[in-house]
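Colleague: Could you take me through this model, one part at a time? I would like to begin with the overall layout and then turn to the details.

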Amino acid sequence: MQAENPSVGSRQFPEHIADQLILAAEAVVRYRIATYRDRFRMTELQYRMMMHVAKNAPISVGKLAALVNRDNAQVSRTVKSLVETGLMISRKSRGSVAKSLVLSPEGEAVYLQMALVGEEWGSAISGAIPSEKIALVSQAMEGLNQASCRMLERYEVDAIPKIPSVGTDRLKSDALVDMTP
C-alpha cells in the first residue's frame, strides 16, 4: 500500500478568479492554435502579429515585438516569413531608418477570414452565458484587464526582482513586489 501524500488531497486550495481566467484563456488559445494551424497553416504568433499590424499599421518591428511580448529577433524572423508569403509588406518609414509594417491586400483578406473564425468562437463562448448577463461579463472582463495591466505596469516600473546569482539560495524578501492593486 502506498503512503498518501498529506499535501495532496487533504487541503482545499482556493480558486482565484485569475486562475479561472488563465484556465479559460489557455483553452481558447489551444483551440485557436489548432484552428489557425489547420485552416490557415499559420501559427498563433503569426496570427497575433497580423492582428496587431491590422489594428496599428503602419507599425515598427520594435512596437510589434512589444505588443506580442517577443524579442525583436524572433519578430523580425516571423515578419520576414509573412513578407515572403505575401501577407505583409515592409516599407521604410519616411524620415526614419526603421521599417514600417502593413498587411498586403492578400494579408487583409486572410486576416478578415481569421476574424470571422474569431467571431464564431466569440459566439460559441458567449453562448454559454445568458444573454442578459453578456454586458455584465464584458464589463467585468474589461475591468479585470485594466487592473491586470495596471499591476503589470507597476511591476515593470517599480522593481523587477533580480535572478539570484550562483550560490544564492533564494531571493531576499525585500526584492519581492507587492502586487495588490
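Modeller: The discussion below goes from the whole chain to its sheet, its helices and a few particular residues. Please keep in mind that this is a predicted model.

Colleague: How many helices and strands are there in the chain?

Modeller: The chain has six helices and three strands. Along the sequence they follow the pattern α-α-β-α-α-β-β-α-α.

Colleague: And what share of the residues count as buried?

Modeller: Of the 181 residues, 22% count as buried. As for contacts with a separation of 6 or more, 46% of them come from residues 24 or more positions apart.

Colleague: Let us turn to the sheet. In what order do the strands lie?

Modeller: The order is S1-S3-S2, in an open sheet with antiparallel pairing. Strand S1 (59-60) and strand S2 (88-92) are the edge strands, each pairing on one side only.

Colleague: What holds strands together in general?

Modeller: Strands of a sheet pair through backbone hydrogen bonds, and the pairing is either parallel or antiparallel.

Colleague: How many bridges are there between S2 and S3?

Modeller: There are five bridges between S2 and S3 (residues 99-103), and the pairing is antiparallel.

Colleague: What about S1 and S3, how many bridges join them?

Modeller: Two bridges join S1 to S3, and these strands also run antiparallel. Serine 60 has serine 100 in S3 as its bridge partner.

Colleague: Is S3 largely enclosed or open to the outside?

Modeller: S3 is largely enclosed by the rest of the structure, because four of its five residues are buried.

Colleague: Which strands does helix H2 touch?

Modeller: Helix H2 (residues 44-56) packs on the sheet and touches S1, S2 and S3. The direction of H2 makes about 100 degrees with that of S3.

Colleague: Now H4, please. Does its length agree or disagree with what 13 residues should span?

Modeller: The two agree: at 1.5 Å a residue, the 13 residues of helix H4 (residues 72-84) should span 18 Å, and the end C-alpha atoms are 18 Å apart.

Colleague: Which residues of H4 are buried?

Modeller: Val75, Thr78, Val79 and Leu82 are buried in H4. They lie on the same side of H4, because they cover an arc of only 105 degrees around the axis.

Colleague: Why would residues three or four places apart point the same way?

Modeller: An α-helix has 3.6 residues a turn, so residues with that spacing of three or four places point the same way.

Colleague: What covers the buried residues of H4, and what is on the face turned away?

Modeller: The cover includes H2, helix H3 (61-68), S2 and S3. The face turned away from the buried side carries the exposed residues Arg77, Lys80 and Glu84.

Colleague: What is found at the start of H4, and just after it?

Modeller: At the start of H4, a side-chain oxygen of aspartate 71 comes to within 3.0 Å of the backbone nitrogen of alanine 73. Just after H4, glycine 86 has a positive phi of about 85 degrees.

Colleague: Which residues other than glycine have a positive phi?

Modeller: Arginine 41 is one of them, with phi near 50 degrees. Arginine 41 lies in the loop between helix H1 (17-40) and H2, and it is exposed, with a relative accessible area of 79%. Asparagine 69 is another example, with a positive phi of about 60 degrees. Asparagine 69 is in the loop between H3 and H4 and is exposed at a relative accessible area of 66%.

Colleague: One last point: is the peptide bond from alanine 57 to proline 58 cis or trans?

Modeller: That bond is cis, with omega near -10 degrees. Proline 58 lies in the loop between H2 and S1.

Note on methods: Residues numbered from 1 in each chain as written. Predicted model: local features only at pLDDT ≥ 70, side-chain atom pairs only at ≥ 80, totals over all residues. Heavy atoms only, no water. Pairing = 2+ DSSP bridges. Contact = heavy atoms within 4.5 Å. Axes fitted to C-alpha atoms, helices over the stretch in contact; angles between N-to-C directions. Expected span 1.5 Å × (residues − 1). Buried < 20%, exposed > 50% of the residue type's maximum accessible area, 1.4 Å probe, protein only. Arc of directions from axis to C-beta. Polar contact = N/O pair within 3.5 Å; in protein donor to acceptor, adjacent residues only side chain to side chain.
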